[in-house]
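Here's a friendly walk through one protein model. Have a look at the picture, and then let's go through it piece by piece.

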Amino acid sequence: MNQVKNAGDVNYLKLYFEQFYNEMTPENALILAFLAKVSLNNPGPVLDLGCGPTYQYWNQALVFANRSVGIDLRADNIDYVGGVIKDLRMGNVHSRYLDVSRHVSRVLETLDTNMNSEEVLYRLLNREHELMARNLLHQPWSFADESFQVIMSCFGIDHMPSEDGMRSVLREARRVIRMDGVLSLVTLAETTTWHNGQEVAACLYSDEKIMRSRLRESGFSVDGLKFVPADNPERDGYPGIMLITAHPK
Ligand SMILES: C[S@@+](CC[C@H](N)C(=O)[O-])C[C@H]1O[C@@H](n2cnc3c(N)ncnc32)[C@H](O)[C@@H]1O
């Protein structure tokens, strides 16, 4: 297998979407439900760390966000998601986003909240989006203390280049999260690599004990931490993921 070199190149994007985002996999369904529940209990501004090319995919679940900021290292990812917003607003909606709207609508119903799938998509398109090409390791970030009700990251903070890097991101997140806000993390679990098609990408090792200690030392208290076995461990190269919520202490 080859090492992934360029997270923004077209081949990477094609493989990445095909493998993880073209169908509503059980794993994605769980993550979207996790995020939708967080959003229901935490209306307000959202920050997505390492939003990558899939910003709109996860952001649809943040139905109760009034403003959403996505940060990614790669300018080409940010350009790409800027283009997706324009396309969606013009009515060019890839089926993957419609699948997400339908799923989020069903999840909300289980939480006694009625919102049809059109409204889920409408809310995504009508909230304010700010997309920034920035290195999360360049700190302080350009946000005031306690600016965000939800800080989320899907497979983002576990892609920092070092343990120190990840901890510094968590500490800065602690500064900009509201005191009654929630940190919602989705990380790969118990692996230092994962597969994108035939290529191998690196990530930082995370498990329950390590994440609890990283969060505690960065000023967060863990509310929930769940290991979920991967849908396709052999193909995707990781045994599972973790869904984590934490609040500032
Ligand atoms: C595996 S991708 C996940 C993307 C997206 N959140 C998702 O769920 O598909 C990891 C992302 O983290 C971004 N990233 C890595 N290091 C970063 C840094 N230092 N600052 C900001 N973003 C970074 C990468 O550019 C990449 O888009």
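## A pair in the sheet

Helices (H or I, at least four residues) and strands (E, at least two) are DSSP runs, numbered from the N terminus. Zooming out, strand E6 (residues 177–189) and strand E10 (residues 240–248) run antiparallel to each other, joined over seven bridges. Two strands count as paired if DSSP finds at least two bridges between them. If you're new to sheets, their strands pair through backbone hydrogen bonds, either parallel or antiparallel.

Before we go on, this is a predicted model: local features need pLDDT of at least 70, side-chain atom pairs count only at pLDDT 80 or more, and totals for chains, interfaces and linings use all residues. Residues are numbered from 1 along each chain as its sequence is written.

## The whole sheet

Which order do the strands take? It's E4-E3-E2-E5-E6-E10-E9, seven strands in an open sheet with mixed pairing. At the edges sit strand E4 (128–133) and strand E9 (220–229), each pairing on one side only.

Helix H4 (residues 75–89) packs on this sheet, touching strand E3 (65–72) and E4. Contact here means C-beta atoms, placed from the backbone, within 7 Å. The direction of H4 makes about 160 degrees with that of E4; axes are lines fitted to C-alpha atoms, for helices over the stretch in contact, and angles run from 0 to 180 degrees between N-to-C directions. Helix H8 (residues 208–217) packs on the sheet too, touching E6, E9 and E10.

Which residues of helix H6 (residues 117–126) are buried? They are Val120, Leu121, Arg123 and Leu124. Seen down the axis of H6, these buried residues fall within an arc of 155 degrees (taken from the directions from the helix axis to the C-beta atoms), so they line one face of the helix.

The face turned away carries the exposed residues Glu118 and Asn126. Buried means 20 or more other C-beta atoms within 10 Å of a residue's own, exposed means 12 or fewer, and partly exposed is in between, with C-beta atoms placed from the backbone. Helix H3 (55–59) and helix H5 (95–110) are among what covers the buried side of H6.

## Out on a loop

Thr192 lies in the loop between E6 and strand E7 (193–196). Is Thr192 buried or exposed? Thr192 is exposed, because it has 12 other C-beta atoms within 10 Å. Leaving aside neighbours within four places in sequence, Thr192 is in contact with Ala202, Cys203 and Tyr205.

Technical notes
Two residues are in contact if their C-beta atoms, placed from the backbone, lie within 7 Å.
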